[in-house]
Amino acid sequence: MFCTFECYIVNFKADRDMFAFQHIPNISNTINMHNVLMKRMNQAILERLPSFIHKIVIFNSNKLQWVAIPPSFSKVKIEESSLRSIDIAANSLLRFLEISCCDLETVPLAVEKAPKLEVLEVRDCKLSEIDLATFCDCSSLSRLNLQRNMIRYVVNTSTRKCRVYDTLTYLVLDRNMLTAVNMDLFNIFINLKVLNFHNNSITSLSGRLHHIKLTALTLSRNKLDHVDLCGWYVPSIDTVSFASNYLTKAPECMNNWTSVSLLFLNNNKIANFSIESVAGLNNLTLLDLQCNHLTEVMLNSALFPPNLELLDIQRNNLTSLDMSFIPVRSLNVNAPYNLISSFDKSNTSPNITELSMAGNPNDCSWSTRLEQLLWIVSNAASRSNRKPSIYCTSECFVANFKTKEDSFALQNISNISNILTFQNVLIKHMDYSILEKLPNFIDILVIFNSKKLLWLDVPPALSMVKIQISSLRRIDIAANSSISFLTIMGSNLSSVPITLQNATKLKGLTITNSKLSEIDLATFCDYSSLTELNLERNMIRYVVNTSTKKCSVYNTLTKIVLDRNMITTVNMELFNVFSTLRWLVLQSNNITSLSGQLYHDTLETLSFDGNKLKHLDLCGWYVPSLNTLSIAANELSTVPECIHNWTGVTSLFLSQNKLTNFSIGSIACMNNLTWLELQCNQLTEITLNSARFPAKLELIDIRANNLTSLDISFIPTQALVVNVEYNLISRFDVNNTSQNVTSLRMLGNPVDCSWSSLIERSYSECNRSDASIRLRDH
């Protein structure tokens, strides 16, 4: 026995073990009994428990077949046993009885002795039929959960008015073997709110449900091919699910269920659908029709659910979509992964505020009403030969600007924001003569989706410019520019613009998804305000610095991002001159070698992820402030040399390399290391038992390797989480494991001895591969 916030008794096997009850401290009203080794636990045993114990939990007790519950207990929970019978003392105070994973074949008749029983759960057992009369005198029972049994029939043989008819609110019969249900059975439970038949084999429903208070009905994942709801009366119903059946059309008389707000008809065999079939559902907000066989859906109708907000028709066989008339204020239509090639975006109702069409031959998606309006004004302007289109809400947008003569439109911009956005610029060169006509309150310029734009002149008044998706090859910045941030994403720029030297106040420069092929850091020499340089996703092969003088940028730059380029080798000494640098990102290139030695007082994050490094020598490097080092997804076969000298590092990522063995002693001097990732290597051997150990290590992740054994008998840190999931571990001595391992994860191994806390560890058992496979599938 041991006690923390609750007390645990392990391996109770005979009456003489009751002496342990005398030592239970008055710290909790709960006693937990793990691996009970008796077949019968009678009332005389449990009555010897201290009077302050009102709740008992029995679990992982495969030998236990019979339990007698004394009257003083209010809560009983029995998990994973061979329980076949349970007795309850007369006048029991029992309020909660939960039984799971047992051999019970019938609901214990003894429940009638528990007049205060509120919750009864018998799950994952062997119940084969249910007579609701069993619960007739359970005058307090509100929740009855009988899921995951083998129930084939539900009946009610009672001939009298039962007390339970007034109290039951929640009835769950999912994951059983029901094939037919008489819905009349449930009309007498006048306070029933939730009725769940999910995942049975129901082919037919008889009777008619008349229920004033029912709010949720679940009949999903059955075998219903037709449902007739005519004559049913459920005025409070809110959520209805017929998902994952064999329905070829919407249930008959569904229109009469006016209170429904959520209707799930997904994963059926419905081939065509008309919104009129649910138009009477005045409170419907969500309609799910995904994963049917829809080839036709009719949405254009004045007969429409007035409060519908979301229509999900994804993953069907629709080839066209017409939403020209939608008489609700705001509708989100989700239609990805169909076969839609015919769709008139210009003839779509403005009430469609969000449309998702990914995975169709024609994708006209928009995610906001603003995007839709932008397209509308853009399309309107494309039909006009006289002037571009301007639209203003909280910002102003100009669509299809195509000649200098269109500059007159800029005079009509409202003074509502300092931001102006151009969409689909149709002029090759947007020069100073155009943008200098912007009102003086505009200082942020955004240009996007402008494939014809090749050249842009930036006037001095602008403080921020963002250009996204263009054919830009040249950008000129006026002298004495006020620009602080320049972002260019998706362009044809092949070099950093020379006129950037005119942007003396530039703080952030981003050029991504362009065609830069080499970078000379001297380009930025006189940028005395530049703090962030992001050049990711280009075609950069070389990084050099040809400057021969002390540059102003050396004292300001804090972040350099060069990931997803084509760099093969890097001289790390290039970065020593940047005295305030904190982030250096070189991931996802083709780097095979590093030359030079990094000496840096302020660098905090260094990333070489996703390169082709086979060997890394860190001897002579000096980075005392570095806290995150990532060399994941390379080809390292050994830990980097001299890495133990990097004592400031707190997070070290060596995952997805080719390490075959590892000793914790190789990083023992990393006194601040808390997180070590070694997953997805080729480890067959790991040594963790060592007095030489990172003093503050909290987690070591060695998932998805080839380890066959694990020895963690000596771990000299205070609390360590070890994750060895998905290895090949068949040899592990759980009894010889260090007390300092506070959490162990072993899912997916031939032997699984996982625990997630010190309390769980004390009573955990090891499962062999079949148990691991079941858990993984679940």
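Domain bounds in this description come from an automatic or database domain assignment. For this chain, the assignment gives domain 1 (270-362) and domain 2 (636-777). The centres of domain 1 and domain 2, taken over C-alpha atoms, are separated by 51 Å. The structure is a predicted model, in which local features need pLDDT of at least 70 and side-chain atom pairs count only at pLDDT 80 or more, while totals for chains, interfaces and linings use all residues. Residues are numbered from 1 along each chain as its sequence is written, and side-chain values use heavy atoms, with hydrogens and water left out.

The interior was examined through its nonpolar cores. A nonpolar core is a set of buried Ala, Val, Leu, Ile, Met, Phe, Trp, Tyr and Cys residues joined through side-chain atoms within 4.5 Å. Buried residues have under 20% relative accessible area, exposed residues over 50%, and partly exposed residues lie in between (1.4 Å probe, protein chains only). In soluble globular proteins, nonpolar side chains tend to be buried together. The largest nonpolar core comprises 115 residues, and Phe-186 and Leu-287 have the most contacts inside it. Apart from this core lies another, of 111 residues, among them Leu-410, Val-496, Leu-500 and Ile-540. When neighbours within four places in sequence are left aside, the residues in contact with Phe-186 (heavy atoms within 4.5 Å) include Leu-132, Val-154, Leu-171, Phe-197 and His-211.

Aromatic pairs were considered next. Rings of Phe, Tyr and Trp (its six-membered ring) pair if their centres lie within 6.5 Å; planes under 30 degrees apart count as stacked, over 60 as edge-to-face and the rest as tilted. The count by this rule is 7 aromatic pairs. One of them joins Phe-186 and Phe-197, an edge-to-face pair with 5.5 Å centre to centre and 65° between the planes. Strands (E, at least two residues) are DSSP runs, numbered from the N terminus. Phe-186 lies in the loop between β15 (180-182) and β16 (194-196), and Phe-197 in the loop between β16 and β17 (204-206), so the pair ties together parts that are 11 residues apart in sequence. Both Phe-186 and Phe-197 are buried. The rings of Phe-401 and Phe-422 have centres 5.7 Å apart and planes at 85°, so this pair is edge-to-face. Because Phe-401 lies in the loop between β30 (396-399) and β31 (419-423) and Phe-422 in strand β31, the pair ties together parts 21 residues apart in sequence. Phe-401 is buried, with a relative accessible area of 0%, and Phe-422 counts as buried at 0% relative accessibility.

Charged side chains were also examined. A salt bridge is a side-chain nitrogen of Lys or Arg within 4 Å of a carboxyl oxygen of Asp or Glu, and the structure holds 14 salt bridges. In one of them, the side chains of Glu-118 and Arg-95 meet at 3.1 Å, N to O. This pair links distant parts of the chain, 23 residues apart: Glu-118 is in the loop between β9 (96-100) and β10 (119-123), and Arg-95 in the loop between β8 (85-88) and β9. Glu-118 is partly exposed, with a relative accessible area of 26%, and Arg-95 is partly exposed, with 31%. A salt bridge also joins the side chains of Lys-161 and Asp-166 (3.1 Å, N to O). Lys-161 is exposed, with a relative accessible area of 55%, whereas Asp-166 is partly exposed, with 36%.

Methods: Helices (H or I, at least four residues) and strands (E, at least two) are DSSP runs, numbered from the N terminus.
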